[in-house]
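Me: I have a structure open and would like to talk it through slowly. Could you help me read it?

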Amino acid sequence: MTDADHTTDEPLYAPSDVIEVLDRLGQIVEGSRQVPLSASVLVNRAEILELIATARESLPADVVRADRIVGDASAVLDRADAEASQTMSEASSYASSTREEADVYARNTREEADRHAEQSREQAESQARQIIEKAKAAGRDILDKARAAEKTLLAEAHARAEEAVSKETIYREAVQRGEEHLAKTREKARSLAEEADTYVSNQLRHLEEEALAIAKQARGGREQVGRR
């Protein structure tokens, strides 16, 4: 329903006359005098009947208002559904557009990253090749110097070894000659000592023989003197 369908100027959500009648009935019952020794009360019959009649007359109007409320609620729900559908459509379109933009940005970013990575890889490979060439050149230079130094050291070592061998040979020959000379000297000294011992022994024996002869002569002379 729309506002054009309303035939009266009464409010859309006006208070229900039936509810007012029922409230009035309740007030009358609660305010009436109680019949002694019972749960009944004394009420004004005419007033009660009048209120009931009023309720009967007001009932169709309340039904019409309730129908209007239901119709307005349906219209509100329809408008809410339409707005929700439009909002969902707009959100879906925005999400799709945003997703496409994100995909394009991601592709561009990935392509840019790939190009940057390729450039970085090429630069790294170039720098690595340069470093390797420099390292190889430095290694060759160090190896050449090491070989030259090795040759020099070997030559010096050979020279010193030859000199040492020569000195060792001379030393050994000198020692050998010294030992031979010492042996000859010791042999000569031993021979001289033996000759000296033999000479001394011979001289002592000769002296002993002479002493015995002198002693014998002396005895013979004493004996001759004694016989006289």
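Me: Which residue forms a salt bridge with R24, and how far apart are the closest N and O atoms?

Reply: R24 is paired with E47, and the closest N and O atoms of the two are 3.0 Å apart. The term salt bridge is used here for a side-chain nitrogen of Lys or Arg within 4 Å of a carboxyl oxygen of Asp or Glu. Please keep in mind that this is a predicted model, in which local features need pLDDT of at least 70 and side-chain atom pairs count only at pLDDT 80 or more, while totals for chains, interfaces and linings use all residues. Residues are numbered from 1 along each chain as its sequence is written, and side-chain values use heavy atoms, with hydrogens and water left out.

Me: Is E47 buried, partly exposed or exposed, and what about R24?

Reply: E47 counts as partly exposed at 26% relative accessibility, and R24 also counts as partly exposed, at 36%. Buried means under 20% relative accessible area, exposed means over 50%, and partly exposed is in between, with a 1.4 Å probe and protein chains only.

Me: OK, staying with α1, which of its residues are buried?

Reply: The buried residues of α1 are V18, V21, L25 and I28. Seen down the helix axis, they fall within an arc of 80 degrees, so they line one face of α1; the arc is taken from the directions from the helix axis to the C-beta atoms. On the other side of α1, E30 and G31 are exposed.

Me: Why would residues a few places apart end up pointing the same way?

Reply: An α-helix has 3.6 residues a turn, so residues three or four places apart point the same way.

Me: Back to salt bridges, how many does the structure hold?

Reply: The structure holds 5 salt bridges, and one of them joins D141 to K145, with the closest N and O atoms 3.4 Å apart. Both D141 and K145 lie in helix α2, 4 residues apart, which is about one turn of the helix. D141 is partly exposed, with a relative accessible area of 37%, whereas K145 is exposed at 56%.

Me: And which residue does E194 pair with?

Reply: E194 forms a salt bridge with R190, and here the closest N and O atoms are 2.6 Å apart.

Me: Changing topic, which residues make the nonpolar surface patch?

Reply: Y199, V200, L204 and L207 make a nonpolar surface patch of about 420 Å². Patches are built from residues with over 30% relative accessible area and no salt bridge, where like charges are joined within 9 Å and nonpolar side chains (Val, Leu, Ile, Met, Phe, Trp, Tyr) within 5 Å. Y199 is found in helix α2, which covers residues 45-227, and Y199 is exposed, with a relative accessible area of 54%.

Me: Last one, in what order do the elements run, and how much of the chain is buried?

Reply: From the N terminus on, the elements run α-β-β-α, and 7% of the 228 residues of the protein chain count as buried.

Definitions and conventions. Accessible areas come from the Shrake-Rupley method with a 1.4 Å probe; for residues, only the protein chains shown count as cover. Helices (H or I, at least four residues) and strands (E, at least two) are DSSP runs, numbered from the N terminus.
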